[in-house]
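User: I am new to this structure and would like a short tour. Could you show it and then take my questions?

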Amino acid sequence: MSAVTLGLAAAFVHSTQGFLSKDLTSRYPARPLIGVLLGLNCLLLLPFAFFVEWHLSPAILALHVASAFMLVASSIPIWDLFDAGAASATITAQALSPLAAAVGAAIFVPGTISPVQVVAAVLVVAGVTWALRDAFAGLGRRGSIVRILVASAGVGMLTVFTRMLADEGVGVVETYVTRTAMGATFMLIAIPPRGIPVTAAPRLLLRSVTVTIYFVLIIVAVQEGSPVVVQTMVAIAPLLSLGWESIRARQWPQSRALAGALLVAVGVALVLAA
């Protein structure tokens, strides 16, 4: 299966988990959710860890640590955005990640990026930044822009590091279990899960299953192709989120959010045309 197909499948799952995440922030404090969810994510694939080959070298260890750092660094602002804005706006905000992936790929994985991919990433960045300037009123314009940039940079670089781990021979299970274990350990210590009742377990598990499917698709896609192509394909998720959100609310999407999503579609079309 091609990186484009896997990326599109990941976009579909990504748009779904956005609504699950927004539902959680409407019930529980946002940041304390992160450590619990990362721990559940890890546990879902942990049983498979005994049946795969593991690798260890200074380079691989450094990449695992860098991946865990990017996972945590992107998770905090993403959950802040879910707490302050609509699910579709938060998913659209992460569509900036192709630019970070393009820069990271050019530096760390030369030969995996083309001029068309750069043009697509720039279109996405320009459209999303303009469309979402006031989408998170509770954070303030400066706060929302900073969080959008940090979240997107973290997501984009996480994809690049995933490709670098794949080039080192590290598989899906090892990649995912290691980064989520490291991230969960840090977040559970830094922000304990206060205010998260045991009765939340079914909702948390459903979200973790969805996100794990998303990340597995991303990891496999990156192993098959360019991290820039994968992140650009995932950027179609805002279109799906906007559509589902509009159907549920029975109203037309906000013009700025719609414009940003349409520019994302232009970027995706450029990659498909190439």
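User: Fine. What kind of model is it, and how are residues numbered?

Analyst: This is a predicted model, in which local features need pLDDT of at least 70 and side-chain atom pairs count only at pLDDT 80 or more, while totals for chains, interfaces and linings use all residues. Residues are numbered from 1 along each chain as its sequence is written, and side-chain values use heavy atoms, with hydrogens and water left out.

User: How many helices and strands are there in the chain?

Analyst: The chain has 12 helices and zero strands. Both are DSSP runs numbered from the N terminus, with helices being H or I of at least four residues and strands E of at least two.

User: And what share of the residues is buried?

Analyst: Of the 274 residues in the chain, 52% are buried. Buried means under 20% relative accessible area, exposed means over 50%, and partly exposed lies in between, using a 1.4 Å probe and protein chains only.

User: What about the surface and the contacts?

Analyst: The chain exposes about 11700 Å², and carbon and sulfur atoms supply 70% of that area. The areas come from the Shrake-Rupley method with a 1.4 Å probe; for residues, only the protein chains shown count as cover. As for contacts (heavy atoms within 4.5 Å), among those between residues at least 6 apart in sequence, 89% join residues at least 24 apart.

User: Now a helix pair. At what angle do α1 and α3 cross?

Analyst: The axes of helix α1 (residues 3-25) and helix α3 (residues 58-84) cross at roughly 75 degrees and come within 9 Å. Therefore α1 is roughly perpendicular to α3. Angles of 65 to 115 degrees count as roughly perpendicular, under 35 as roughly parallel, over 145 as roughly antiparallel, and the rest as oblique. Axes are lines fitted to C-alpha atoms, for helices over the stretch in contact, and angles run from 0 to 180 degrees between N-to-C directions.

User: Which residues make that contact?

Analyst: Helix α1 contributes Gly18, Ser21, Lys22, Leu24 and Thr25, and α3 contributes Trp79, Phe82 and Asp83.

User: Next, Leu56. Is that residue buried or exposed?

Analyst: Leu56 is exposed, with a relative accessible area of 73%. Leu56 sits in the loop between α2 (30-45) and α3.

User: And Phe12?

Analyst: Phe12, in helix α1, counts as partly exposed at 46% relative accessibility. Phe12 and Ile236 are 224 residues apart in sequence and 8.2 Å apart in space, C-alpha to C-alpha.

User: Last one: what does Thr178 touch?

Analyst: Not counting residues up to four places away in sequence, Thr178 touches Trp54 and His64. Thr178 lies in helix α8 (residues 172-190) and is buried, with a relative accessible area of 13%. The side chain of Thr178 also reaches the backbone oxygen of Glu174 at 2.7 Å.

How values were computed
Polar contact = N/O pair within 3.5 Å; in protein donor to acceptor, adjacent residues only side chain to side chain.
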